[in-house]
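The entries follow the order in which I went.

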Amino acid sequence: MKSMTRKVLILSLIMAVIGQAAVFASGQQGGGAQAGERHAIVFKSTGNPYGERQMGGFETGIKEQGFTAILRAPDLPTAEAQIQMIEQLIAQRVTSICIVGNDFDALQPVLTRAKNQGIKVYSLDSSVNPASRLTHVNQADTQMIGETLVEAAFDQAGGSGEIAILSATSQASNQNAWIAVMQETLKKPKYANLNLVKIAYGDDLRDKSTSETEGLLASYPNLKVIIAPTTVGIAAAAKVVTDRGLVGKIKITGLGLPSEMAEYIDNGACPYMFLWNPIDVGYLGAYVATALTSGKITGKVGDTFSAGRLGNYTITQAPDGGTEVLLGPPFKFDKANINEWKSVY
Ligand code: RAM
């Protein structure tokens, strides 16, 4: 009898758990259905404050339109990890996928599968190839970023000497596009005395960016400037230079997050650097998602849409043959303005 009571108890406990699970599952489904469209963003990797701000801006933009935002990022910045995540999003039947690509071409098969399921696919920050996307949300003009960074290195090196680049991953399409412009720009007669000795890859990981910077300093004792077109890389490089007492001898410039770089702009490790507002990049992406879904735009040149507090945008031709939406020009941060910006992003 006792064991009978126990069996009944256990059984009712199991039933209760199953019931709860069912409520939870339907609650999740119901929540999605109630909120209607579910728009996903897949960033390069976790642990990147820039990425967190970009996803935060995306979430704000999606939520203020009354929809559900799904924010994802793999532990490591690889195409393989993003492919798995995109497979999951396809299975979840999301409305749109905004991809911050870890590779220009490798995501094409999975993104094509998403497209064939009726999911609107576009890229943001780090593009995927034109065949894989409807359009691309570009933070700033690619040519302008590359030219601006070379000019900054020229200025900070005093017009001549050895410079190096510390990038993100070797496959990152945004960094690779900027580096291609830098290499072209360096061919101009004005920059003939600047010698690009090495392009190193810190993979947007703090530790690897630190050890790659140390490697550059060890291999090139006459190095004058490191250009890091990545927020993770520039902060790691500036810290190495600071910790080793090399402020003034080696200058760091590139693309940095004001909140992470304020102390290095203050101490002179980084005389000045550039960026755009990552929150706005994500927010603009949120409006591209809904404009694509509603059919307001298809992603072709000349399409126009309104992006909430940012105003109106037009889709233009991208240098890679696809189309893009351009947020605006990059912004310069130096000692004069860094304190205003460090608490913003
Ligand atoms: C890192 C990422 C990101 C890039 C910025 C500048 O945070 O690589 O994609 O846009 O740097």
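**Entry 1. The cavity**

I began with the largest cavity, where helix H6 gives the most to the lining, with three residues. Helices (H or I, at least four residues) and strands (E, at least two) are DSSP runs, numbered from the N terminus. The model is a predicted one: local features need pLDDT of at least 70, side-chain atom pairs count only at pLDDT 80 or more, and totals for chains, interfaces and linings use all residues. Residues are numbered from 1 along each chain as its sequence is written, and side-chain values use heavy atoms, with hydrogens and water left out.

I noted that H6 and H8 each supply at least two residues of this lining. In total 17 residues line the largest cavity, and Tyr-50, Asn-174, Gln-175, Thr-230 and Thr-231 lie nearest its centre. On a 1 Å grid over the protein atoms alone, a cavity is a set of points where a 1.4 Å probe fits but cannot get out; a pocket is an open set with protein on both sides within 12 Å along at least five of seven lines; lining residues have an atom within 4 Å of a point.

The structure holds one cavity of 30 Å³ or more, and the space in the largest cavity comes to about 120 Å³. A volume is the space filled by probe spheres set on the grid points, which are joined across faces, edges and corners.

I sorted the cavity lining by class and found eight nonpolar, six polar and three charged residues. Ala, Val, Leu, Ile, Met, Phe, Trp, Tyr, Cys and Pro count as nonpolar, Asp, Glu, Lys and Arg as charged, and the others, Gly among them, as polar.

The domain bounds come from an automatic or database domain assignment.

**Entry 2. The pocket**

I then turned to the largest pocket, which has a volume of about 270 Å³. Its lining has 18 residues, and Ser-127, Thr-142, Ser-173, Ala-177 and Asp-320 lie nearest the centre.

Which element gives the most to the lining of the largest pocket? I found that H6 does, with five residues. Strand E5 (136-138) and helix H6 (173-185) each supply at least two residues. The lining of the largest pocket divides into five nonpolar, nine polar and four charged residues. Domain 1 and domain 2 both give residues to this lining, so the largest pocket lies between them.

**Entry 3. Thr-185 in H6**

I looked up Thr-185, which lies in helix H6. Thr-185 counts as buried because its relative accessibility is 4%; buried means under 20% relative accessible area, exposed over 50%, and partly exposed in between (1.4 Å probe, protein chains only). A polar atom of the Thr-185 side chain lies 2.7 Å from the backbone oxygen of Val-181.

**Entry 4. Helix H8**

Helix H8 (residues 231-243) has 13 residues, and I read 18 Å from its first C-alpha to its last, close to the 18 Å expected at 1.5 Å a residue. The expected span is 1.5 Å times one less than the number of residues.

Ten of the 13 residues of H8 are buried, so the helix is largely enclosed by the rest of the structure. Among the buried residues are Thr-231, Ile-234 and Val-241. Thr-230 caps the N-terminal end of H8, with a side-chain oxygen 3.1 Å from the backbone nitrogen of Val-232. Just after H8, Gly-245 takes a positive phi of about 65 degrees.

I also checked Leu-255, found in the loop between strand E9 (251-254) and helix H9 (258-266). Leu-255 and Ile-234 are 21 residues apart in sequence and 6.9 Å apart in space, C-alpha to C-alpha.

**Entry 5. Helix H10**

Helix H10 (residues 278-294) has 17 residues that should span 24 Å at 1.5 Å a residue; its end C-alpha atoms are 25 Å apart, which agrees. H10 is mostly covered, with 14 of its 17 residues buried. At its start, a side-chain oxygen of Asn-277 reaches to within 2.8 Å of the backbone nitrogen of Ile-279. Gly-295 follows H10 and has a positive phi, near 85 degrees.

How values were computed: Polar contact = N/O pair within 3.5 Å; in protein donor to acceptor, adjacent residues only side chain to side chain.
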